[in-house]
Amino acid sequence: KLPKKGKRDLWTRSEGLNPGPGLKPLSDLPSQVLHHSVLPTSFYQEALPRLPIPRLEDSIRRYLAAQRPLLEDDQLRQTATLAEAFLKGEGRELHRELVALDKRSRHTSYISEAFLDKYLCARDSLVKSNAFIVFASDRRREYNEQLVRATNLLCSAARFMKTLRAGLLEPDVFHLNPSKSDTARFKRLIRWVPSSLSWYGAYLVNAYPLDMSQYFRLFNSTRIPGPGRDELFTKKGRHVLVMRRGNMYVFDLLDRDGNMLRPTEILAHLQYILADPAPEASFPLGFLTAENRDVWAHLRTQLVAAGNAEEVHSVDSALFCLCLDDQTLTDLTHVTQSVFNGAASNRWYDKSFSLILTQNGQGGINFEHSWGDGISVLRFVNEISRDTSEQPLVHPGSAAAAVDSASAVHKLLFKLDSELENGISRARERAQLLSSDLTVDVRDIKTRGRKFLKQSHVSPDAIMQLAFQMAFLRQHGRTVVASESCSTAAFKHGRFEDMRSVTTHTKRCSQAFVCQPGQHSAGQLKAMLQECSRHHRQLTKEAATGQGFGCHLHGLQQLALARGQPLPGLYADPAYSNINHIVLSSSTLSSSVLRTGGAAPVVPDGLGLGYGFREDGTRSIVTGYPAVNVCDFQECVFKSLKDIYAVLEGKPIS
């Protein structure tokens, strides 16, 4: 049976159909989706448990435990007195108010609005808050040519989007026992369970469905600058934004029926853009998205008033941004720097995400953080990387379709007055200064990895957190606040908890390794490592199950601020400010396609730490400002890991 007119793009090669009269060969008719999940994408969403609000007593106890390794005895006594007064007084009232507010907002979590405000009210450049992921290049070298890879990535991104919006994307689930829960048999069984009860069915086989509400903002979304507070804008459009040499282009990635264009048409449009002889834009608007948000808000108003409303709307409503860089990079640190904060003239940091590609096909994703977290973006990266590798739709030497790209591709031309030109020039200066200040260092530690640490009965994550703390102590002679992002996506509209990884156990262990060489036997040091690992696992469990203290105390603080009265003593205490001045801010993302990932430090005198494990090695990614030498810090990380590995093998440390 022939498809109806306008729907023939829905055919797939796997269906084995022969083309009818006038239809193109099946090889040019790719599937519009990546896969057809047995379970609808939102199957578990309705049944997800709500993020719990911890007991106030528990949050205060955990808060004081986190303060203990950071404070002297007299400071700790003062902080404990203020915390006890908060627990018995204003804290109880604020806690009751938070619980009541949570009961009135059962469609979301108690931290959702606070998280959005934290990001959207921040006035610093988005370079400091956006996150990045560098993905692996194609294993076939010839497929890394910029035009070929960009075309395949656009096709895979469009197919992911259509799979998501059709409800055919496999739901996100954390499987503790995948042999039981991540099987076709289980999925066929559970699909007959009502959606309202689906979570309980998964729980019975140690599977934990994850919140997928963030995916709504993955496409067609932009963070719009505003005075004092930004806004998230999402409006469906069919076009993609392409940036090259600071020039901006748009073309439809989908046709009027919502189907992806043929890959050879996309190839033709990108080929047309890459052939444009236009030089670097004199006043690249991309610099504005790296500006202070209030400054950018004012200039954006001027930009619209100057007659650019339609062009600005085209940027805001684009599916996403593709940045085609002219440079050729091979060194992993240089590639990471480029995806993190390179070439601001050729970036639009406000978009939900930007795909970035060098001429030799190296690159990754830079994503705005207010709308979502690494779990959803990494899922997207995993899917499109696998798709472009296993099922590329264009190949080296593929002929571009004979289409009128000059009509299909629209170059956005902006009218700029002297105030806007001056604003862009100032933004360029600040962006270049910020780029030179923010440095990246990537190191591989190849001697040991996940396998060795698990055989040694310690948590790899705990050991890496300990190595970072040891490294800072070795470099600067003091213990500082360290935090690891721990996802709470197992709950409806969960985001993440800043798990405070410095404990009395890690401080004692770090000092034993760094400050007291030769004073402890290998057996004693190994026992300390194992104790750190046990406690770290407990902290991780508490954070992942919504029992951390950071989100809870922050939520109470926001309610106290809304009253317009002096803050309770707990929040006026310098110790509270100090524990939220996170010097070592870290996150881990594990994936076979991920090469590096991370974000900028959250404070000027801090470090941004990303890391990942292989069976036989570890990769550490450090970002920092001039206040902390990232290269020296990495050397200290390497020395710390070397000592830890020696102790776990029963050897003395050198």
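1. Helix 14 spans residues 418-437. In this predicted model, the helix has 20 residues and runs 29 Å from first C-alpha to last. That is close to the 28 Å expected at 1.5 Å a residue. The expected span is 1.5 Å times one less than the number of residues. Helices (H or I, at least four residues) and strands (E, at least two) are DSSP runs, numbered from the N terminus.

2. Helix 14 has a buried side. L420, G423, I424, A427, A431 and L434 are its buried residues. Seen down the helix axis, they fall within an arc of 95°, so they line one face of helix 14. The arc is taken over the directions from the helix axis to the C-beta atoms. S418, E429 and L433, on the other side, are exposed. Buried means under 20% relative accessible area, exposed over 50%, and partly exposed in between (1.4 Å probe, protein chains only).

3. Packing and capping of helix 14. Its buried residues pack against helix 10 (293-317) and helix 11 (332-341). Contact means heavy atoms within 4.5 Å. D417 caps the N-terminal end: one of its side-chain oxygens is 3.2 Å from the backbone nitrogen of E419.

4. Cysteines. The whole structure holds zero disulfides; the criterion is a pair of cysteine sulfur atoms within 2.5 Å. For C321, the closest cysteine sulfur is in C323, 3.7 Å away and too far for a bond. C509 is in no disulfide either, with the nearest cysteine sulfur, that of C532, 4.2 Å away. C321 is buried at 0% relative accessibility. C509 is buried too, with a relative accessible area of 0%.

5. S109. This residue sits in the loop between helix 3 (90-103) and helix 4 (112-120). At 6% relative accessibility, S109 is buried. Its side chain makes a polar contact of 2.8 Å with that of S112. Such a contact is a pair of N or O atoms within 3.5 Å; within protein, one must be able to donate a hydrogen and the other to accept it, and residues adjacent in sequence count only if both atoms are side-chain atoms. Beyond its neighbours within four places in sequence, S109 contacts R50, L51, D102, K492 and H493.

6. Annotation. UniProt, in an unreviewed entry, places "domain: Choline/carnitine acyltransferase" at residues 51-634. UniProt positions use the numbering here, feature names are shortened, and annotations may be inferred rather than shown by experiment. Over residues 51-634 the chain is 45% helix and 16% strand, with the end C-alpha atoms 37 Å apart.

7. Basis. Residues are numbered from 1 along each chain as its sequence is written, and side-chain values use heavy atoms, leaving out hydrogens and water. Local features need pLDDT of at least 70, side-chain atom pairs count only at pLDDT 80 or more, and totals for chains, interfaces and linings use all residues.
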